[in-house]
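This report describes a protein model for a reader new to structural terms. Please examine the sequence and the model before reading on.

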Amino acid sequence: MAPPAQAHRSPSPSQPSGKGEVSDLKSQLRQLAGSRAPGIDDSKRELFKKVISYMTIGIDVSAVFGEMVMCSATSDIVLKKMCYLYVGNYAKVNPDLALLTINFLQRDCKDEDPMIRGLALRSLCSLRVANLVEYLVGPLGLGLKDNNSYVRTVAVIGVLKLYHISAPTCIDADFPPTLKHLMLNDPDPQVVANCLSALQEIWSLEASTSEEASREREALISKPVIYYLLNRIKEFSEWAQCLVLELVAKYVPLDSNEIFDIMNLLEDRLQHANGAVVLSTIKVFLHLTLSMTDVHQQVYERIKAPLLTLVSSGSPEQSYAVLSHLHILVMRAPFIFASDYKHFYCQYNEPSYVKKLKLEMLTAVANESNTYEIVTELCEYAANVDIPIARESIRAVGKIALQQYDVNAIVDRLLQFLEMEKDYVTAEALVLVKDLLRKYPQWSHDCIAVVGSISSQNVQEPKAKAALIWMLGEYSQDMQDAPYILESLTENWEEEPSAEVRLHLLTAVMKCFFKRPPETQKVLGAALAAGLADFHQDVHDRALFYHRLLQYNVSVAERVVNPPKQAVSVFADTQSSEIKDRIFDEFNSLSVVYQKVTTMSKIGFHH
Amino acid sequence: MAGAVSALFLLDIKGRVLVWRDYRGDVSAKQAERFFTKLIEKDGDAQSQDPVVYDNGVSYLFIQHSNVYLMTASRQNCNAASLLFFLHRVVDVFKHYFEELEEESLRDNFVVVYELLDEMMDFGYPQYTEANILSEFIKTDAYRMEVTQRPPMAVTNAVSWRSEGIQYKKNEVFLDVVEHVNILVNSNGQIIRSDVVGALKMRTYLSGMPECKLGLNDRILLEAQGRSTKGKAIDLDDIKFHQCVRLARFENDRTISFIPPDGSFDLMTYRLNTQVKPLIWVEAQVERHSRSRVEILVKARSQFKERSTATNVEIELPVSSDASNPDVRTSMGSASYVPEDEALIWKIRSFPGGKEYMLRAEFTLPSITAEEATPERKAPIRVKFEIPYFTVSGIQVRYLKIIEKSGYHALPWVRYITMAGLEVIIENLCLDFVRNSMFEDPYRPHALAPFQFES
């Protein structure tokens, strides 16, 4: 069937602003309203289109309300549709007009054309005017019983709309039980799906005040309902399938036979062309098998191929959404994609939001066998034009280094970064080298040789500068120039904007002093004086503290400032495993993308 | 709760609302517009912005299509992936109606847009998104009215994607097997990654309710039937089917049987994990003749059988942004310098198998370089081309049977084509790079590792 041809489209509306056009329209509409000439509907349509265009581009055409309603006393469905659109838009802000509208919509709800009945009912329920709800109950009741499925699908959602305008009216009219009956008996799958959506919303909201509603909500995930929906799953539209699968994921089967039955039934959904269906099916599989370790592992194997396909085909936005899901899966089962890491290599013209997630994936799947390849690839990105991605890549290398036991090769790479002589690369690498040294002090010798050759003038970013200064203090006995570099940094105390850097400088000078007192004594005095005069409270306090500590007892001061250190074995994870589990429970939702959990009581996110 | 959408917006390239449909009345268009325009202004490049953003209690999910953004706003914890898939489906539907979805076509069709938005989603829940089915509901546009009014099709109809009573004078089916190959090659000339994504694209012009059956040289199927699979069968990883295919049937005996929708659709997609031999191998050399003159020499060699021919070959060579006065000679095809893309584009309309072509280009570079070195551009060389009548995977359609109860005879047409997806070569072949290594003897040819790509 050919799409509407270009030839039929109306010329673009120009951008009128004044009232002249509106009053013109008004008189034209008035002329047409009474006429019964042949072809009159075509002229009306052109006018109506104009009205809708004006409305869309933000011109107030509410003045022609009466004429519009008069003109739509016709059997022409196109005119009716445009009129519904128009009244739907203006009734909200103008309750007087809404009352006018109700009458004619109610009449159309009884039209002999099911299309008109459905459309009129949808418009009627969309008016959202609280004091008119009494007019909705009758047409809705008829709509739910209509013999045409289109009208019923509209009516079911209409019930939900009514509930949101006035919950008591909806409950008093006994609509929820009617929906339940329809859900379990209607031959039309879309009616069933809409009933499910509506009932889930209504009963979830009612559950806080009514025990019965909370029982009903539980009943939705009872065996009979779940089995009924599963048996019809192939009839549903793709989106309705997702809805049903989301519900099934909440179901708790009695025994393993049931689990296998459900999974066998749904196995073919993994081949569905719609990625949303595939993801929902995966959620069901993962949730059903949570308590069966072996099967759960098999599920990971089974879902791997479809997930990788979803990442590499389709739009970047889809890749983004799918990659977010892969990320939580890989957190739970790092092995699953360990041999498929090449799927997460970035492509040159991918948007950076996809690249960022791919970098996270590469970090997460790195293990003993693939680290070398992954790090090699990441090093390519470090020279990327896209500076944020280059930075992320370097950070990723660092994260991998902190995860791995065999960091030999990685340390070399990081040190190469330091020699690339690009400010942002040097900056990122310095921060990483610092973290690495805290975990693997045995590498200090190699690192210090390279770090020592970096000119502190080339490091401007506070985090990097602080890292460099920390290393100068910590390894001052190995770095020939350490006291002199610290000295020149102290001389520029006034120009240093970052308090963090100044704090580190104070501590580094102290450490250096304990290791090489004769060379550092002068700098220490200058640093403490500058610190005491600092306007930043923390810097001032720390300088004062050091000053008093030194006055009290130098060896005590050394034990406080420069004690022997233990290597950090594991850096604290930013996310607790409990949160990760809860995100996993909310698979297929925004939580996954935001990596945050909803609160149970209200809908919204903690930020 | 699955989560419903509060509103769907269609916005222009600057983020201003063109049309929107308010489904639940709990978000404001003004607020959304203010937020979104700020968002896309922020880095001047909307491409870098995550497609899911949160602001003041509302989650916005958006995609871009030509000069239009499609965006949903929601206050609930809705299914992000599903909604992004949904938005892409909305694009497909609009394209079906307006040929192309862009600002102009939306402005010309406000009424149809509203109608479509109303039928595709009700109160924030997705409804029908099949263009064929939607045409049952969408009545605007005068000529559609000439069609005798049918009652809206009951979806009780077992085949929700096809209406009854379709009639064609000539019954035909076109089946295109299209394969996209992506190959990534690193600076040492090694293939880092290759993958093949294929699709069977159908256009059906068939009357009535035809039953179709498709036979492929699928190894599992052939083995199950006890046929010899020597050399001809292929292994398909991860197949995905259009909803019309009876998945249970495929699970049981690997038969692909279906009642097709009317018009065009993707019957199935598949992915191949096997390493693909590169179809074209390219070598490049850069010679620096002096501080301000540089010459590149590129050889492209086709490595497929002589009876196949690659068409519309396009090789994009990155060139320094301040290069000028290009002097380019090619042994085949034409090359043009596109300064805005900082690239030299070499086009060869027809490139038969087993041939080698050359390109030689000379550029002038400014003799003075800027004090502040811009980050080194590390663009890959990219190649695009198509090879008709050829598939990388070797997939073959063995038969396509069409049976309809009226017993008409339908003509199936099958075509094969391999298309270059994007080929990315991470390669230092870039004039910037050469200029950075200025310490080298300027007269010594600077050879770089060979690199290659694949259609």
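Two strands pair if DSSP finds at least two bridges between them. Strands are DSSP runs (E, at least two residues) and are numbered from the N terminus. The model is predicted, so that local features need pLDDT of at least 70 and side-chain atom pairs count only at pLDDT 80 or more, while totals for chains, interfaces and linings use all residues. Residues are numbered from 1 along each chain as its sequence is written, chains are lettered from A and ligands numbered from 1 in the order in which they are written, and side-chain values use heavy atoms, without hydrogens and water.

**Strand pairing in chain B**

Strand β15(B) spans residues 293–302. Seven of its 10 residues are buried (under 20% relative accessible area, with a 1.4 Å probe and protein chains only). The pairs below, which run antiparallel, include those formed by β15(B).

| Strand pair | Bridges | One bridge partner pair |
|---|---|---|
| β15(B) and β20(B) (356–364) | Nine | R301(B) and E356(B) |
| β10(B) (211–216) and β22(B) | Six | C212(B) and I402(B) |

Strand β10(B) also belongs to an open antiparallel sheet of three strands, in the order β12-β10-β22. Because β12(B) (256–258) and β22(B) (397–403) each have a single partner strand, they stand at the edges, and one side of each lacks a neighbour in the sheet. From one strand to the next, the twist averages 15° (axes are lines fitted to C-alpha atoms, and angles run from 0 to 180 degrees between N-to-C directions).

Is S74(B) buried or exposed? Its relative accessibility is 1%, so S74(B) counts as buried. This residue lies in strand β5(B), which covers residues 68–74. The side chain of S74(B) is 3.1 Å from the backbone oxygen of A4(B). A polar atom of that side chain also lies 3.1 Å from the backbone nitrogen of Q76(B). Beyond four places in sequence, the contacts of S74(B) (heavy atoms within 4.5 Å) include V5(B), S6(B) and G57(B).

**Confidence**

The pLDDT, the predictor's confidence in each residue from 0 to 100, averages 75 in chain B, and 80% of the residues score at least 70. Over residues 142–157 of chain B the pLDDT is below 50, and this stretch has 43 contacts beyond near neighbours in sequence. Residues 426–455 of chain B also stay under 50, with 105 contacts beyond four places in sequence. Where pLDDT is low, the predicted coordinates should not be read in detail. For the complex, the predictor gives an ipTM of 0.84 and a pTM of 0.75.

Note on methods
Helix = DSSP H or I, 4+ residues; strand = E, 2+ residues; numbered from the N terminus. Buried < 20%, exposed > 50% of the residue type's maximum accessible area, 1.4 Å probe, protein only. Polar contact = N/O pair within 3.5 Å; in protein donor to acceptor, adjacent residues only side chain to side chain.
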